[in-house]
Amino acid sequence: MAAAVLEMLSAGIGEDSNGINLMEFSDEILLHILSYVPCTDLVLNVRRTCRKLATLCLDKSLTHTVLLHKEYQVNKDKVKQLMRGIGKEIHQLNMAGCYWLPSHTIDHVIRCKNLVKLNLSGCHLTSLRLSKMLSALQHLRSLAIDVNPGFDAGQLSSECKATLSRVLELKQTLYTPSYGVVPCCTSLEKLLLYFEILDRSREGLILSGQLMVGESNVPHYQNLRVFYARLAPGYVNQEVVRLYLAVLSDRTPENLHAFLISAPGSFAESGTTKNLLDSMARNVCLDALQLPKSWINGSGLLQHLKFNNPFYFSFSRCTLSGGHLILQVINGGKDLKSLTSLNLSGCIRCLSSDSLFRKAEDDIDSSILESLVVSCCNLRHLNLSAAHHHSSESLGKHLCQLLARLKHLLALALPVCSITDVSTNTDKPPVQSMTNVVPPGLGKKIRIGVPTYTKNFLEQSNQKSQSSVFWTLLENLPFLKNLELIGSNFSSAMPRNEPAIRNSLPPCSRARSVGDSEVAAIGQLTFLQNLTLAQLPSILTGSGLVSIGLQCQHLRSLSLANLGMMGKVGYMSALMDMLKHCKCLRDLRLEQPYFNANTQFFQALSHCSALQRLCIISRSGTLQFDAVMSFMANCLEVVMCHMFMGESLTICKNLQQTILQSFQADRPALNVIIFPLLHEDLTEVIRDVPMMHLDEITLFKSRVAEEPPNLWW
């Protein structure tokens, strides 16, 4: 949209074919139009068009906040000119994820003397540069930075520390054991910590989570209102976060209202953390809560914690039963209209009774879900993925029918088996298990480019889906923007910090009843922006994808994984037809064994003119060198191309090098990784991926209600 507006402004000074002169519009209308144009284009291009635009482009409403995040065409020279032109007018500057800019580019931020908020996450920044910059930003109140190996708090000047002492909000991503700048921020009200420390160095040395001597200054938490910590896998991250928590356990801030720790796997509770939780139960009243599963499982913690007007709960992977959910979280049906975001992913018992003999695949207790829906009627983000939530045949009590009452939902994550229409479940023939992988060359070949579905087939799918409970659910959620349907047993072939997974668990038997007609139902979501479909074994032709491409014209992000039988890609023709209609698509992630990234596929993908990031993960998958090069030449916006396939290391390296040599000069942010999926050095390659791409697209995960809404600006 920004490109279209820019083109209109650049060429539309005179009258158009309809006799309309853009410059005759009021200043208010023009300012609204200009708000869709990136600030760099406003200052460096549009401003030079005419006198009127030269004045409007410098309006405070356009220069107050400058967003360079994901402005991939911005280079060091543009940043320099931008800061020279409007530096003094900028109050909020977001450069998060600008990994391609050289470190000296940050020096120009000094010109922004009136900065109040600054986000430099993902930017190259040394302690000396940080010190010099912050010494000049006396009005700064919000800061986001990375702490990399070599960071030395001793290099921070007294002027820099004075600025940090006034900072109220700090987001700090740690790539090395350190307190970073936390001890200098004596007025902190919000602290966000992202722990991305690896257990081993590049040389293979085992790292220690103990902080270096001289860095053990006590953080100041007395004014803290929000504490958030997200840990990547690894014991070092756990060791370091315990040091941050130790101070909290000594004296819990009285105004603390959000306490959130996101930790994968097992994170054992210690004496320090137990003291902290006990202190919180006595002294604070929370509005947002997330804890490691081992801190909640088997404890009576939730019944002792006090909540005020909670807006976010996450009990991901906890063994929280339905009875505990009702009694301890929503107090037996207490009005929780304030709750807008709830994450119950991986809570396999959260919708079931407290029976000790219940199996994970048994039917849910619909009364528990009904109580949840009634009490939390204003939910906007709900995650129920990674569990078997099977509905019984009780009339009107299907999970989809109950969730249809949540009219305000904007984001929803469900297990595939949960949308099965129970009444028709026994009518469908069994589908070959995904574990029965067809060896390459033995499966029936599919003629690429020739549709394996017909118009009548599409119409029949739509008619069939309109009578399903899933159709009814989506019909009642017209404003849904994010939807995830993920198989209960799905695991990505490329986890974090580990070798690629070669085998996966078979899908839930009920998931075999979910096929093309159910996918077609998604097409009625007019405002859908982000879609994830993973482990749907009964996808035959993929005809439902075409419906989505035709009707979901706002789709920006698409992630497809393990659709249909694993031995062949039966939905390729439909996928290619779908892509021809996805004009707004920016991110595409495909994870499918035996995927053939050939000329026809890349020709279809070239219709996605807005595409910026592509990730393909395919065990035994193949690619065509010339097809990839032609695609990169045609799609000028693509800045990330990750392919983890079955090709040889030599072929992968040659293609990667050729792409970089051909296109990096014109695309400064270009990030390309072509690498064999099952190669032993995969984890070493992954560690060099910019965190923004790794976290948002390369690694698979459920993102609905992953964090509280509006956690950071």
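1. The model is predicted, so local features need pLDDT of at least 70 and side-chain atom pairs count only at pLDDT 80 or more, while totals for chains, interfaces and linings use all residues. Residues are numbered from 1 along each chain as its sequence is written, and side-chain values use heavy atoms, with hydrogens and water left out.

2. **The whole chain.** You'll find 26 helices and 22 strands in the chain. Both are DSSP runs numbered from the N terminus: helices are H or I with at least four residues, and strands are E with at least two. Of the 713 residues, 53% count as buried. Buried means under 20% relative accessible area, exposed means over 50%, and partly exposed is in between (1.4 Å probe, protein chains only).

3. **Contacts and surface.** Take the contacts in the chain with a separation of 6 or more: residues 24 or more positions apart account for 78% of them. Contact here means heavy atoms within 4.5 Å. The accessible surface of the chain comes to about 29,600 Å², and 50% of that belongs to carbon and sulfur atoms. Accessible areas come from the Shrake-Rupley method with a 1.4 Å probe; for residues, only the protein chains shown count as cover.

4. **Helix 13, an enclosed one.** Have a look at helix 13 (residues 322-329): six of its eight residues are buried, so it is largely enclosed by the rest of the structure. The buried ones are Gly-322, Gly-323, Leu-325, Ile-326, Gln-328 and Val-329. What do they pack against? The buried residues of helix 13 pack against helix 12 (301-304), strand 10 (306-314) and helix 14 (366-375). Asn-331 follows helix 13 and has a positive phi, near 50 degrees.

5. **Helix 13 with helix 14.** The axes of helix 13 and helix 14 come within 9 Å and cross at roughly 30 degrees. Axes are lines fitted to C-alpha atoms, for helices over the stretch in contact, and angles run from 0 to 180 degrees between N-to-C directions. The two helices are therefore roughly parallel to each other. Angles under 35 degrees count as roughly parallel, over 145 as roughly antiparallel, 65 to 115 as roughly perpendicular and the rest as oblique. Helix 13 passes helix 14 in a left-handed crossing. Left-handed is the word if the near helix is turned anticlockwise from the far one by less than a right angle, and right-handed if clockwise. Gly-322, Gly-323 and Ile-326 of helix 13 make the contact with Ile-368, Ser-371 and Leu-372 of helix 14. By class, that contact has three nonpolar, three polar and no charged residues. Ala, Val, Leu, Ile, Met, Phe, Trp, Tyr, Cys and Pro count as nonpolar, Asp, Glu, Lys and Arg as charged, and the others, Gly among them, as polar.

6. **Helix 20 with helix 21.** Helix 20 (residues 543-551) packs on helix 21 (residues 572-579) at an angle of about 0 degrees, with the axes 8 Å apart. That makes helix 20 roughly parallel to helix 21. On the helix 20 side, the contact includes Leu-545 and Val-546, and on the helix 21 side, Leu-575 and Asp-577 are among the residues they meet. The contact of helix 20 with helix 21 divides into six nonpolar residues, two polar and one charged.

7. **Helix 23 with helix 24.** At about 25 degrees, with axes 11 Å apart, helix 23 (residues 625-634) packs on helix 24 (residues 649-663). These two helices are therefore roughly parallel to each other, and helix 23 passes helix 24 in a right-handed crossing. The contact residues divide into eight nonpolar, three polar and no charged.

8. Pro-668 lies in the loop between helix 24 and strand 22 (671-676), and is partly exposed at 27% relative accessible area. Pro-668 and Tyr-72 are 596 residues apart in sequence, yet 7.2 Å apart in space, C-alpha to C-alpha. Neighbours within four places in sequence aside, Pro-668 is in contact with Tyr-72, Gln-73, Val-74 and Trp-100.

9. Buried or exposed: which is Gln-535? Gln-535 is buried, with a relative accessible area of 1%. Gln-535 sits in strand 15 (residues 530-536), and its phi is near 60 degrees, a positive value in a residue other than glycine. Asn-710 also isn't a glycine, and has a positive phi of about 55 degrees. Asn-710 counts as exposed, at 72% relative accessibility.
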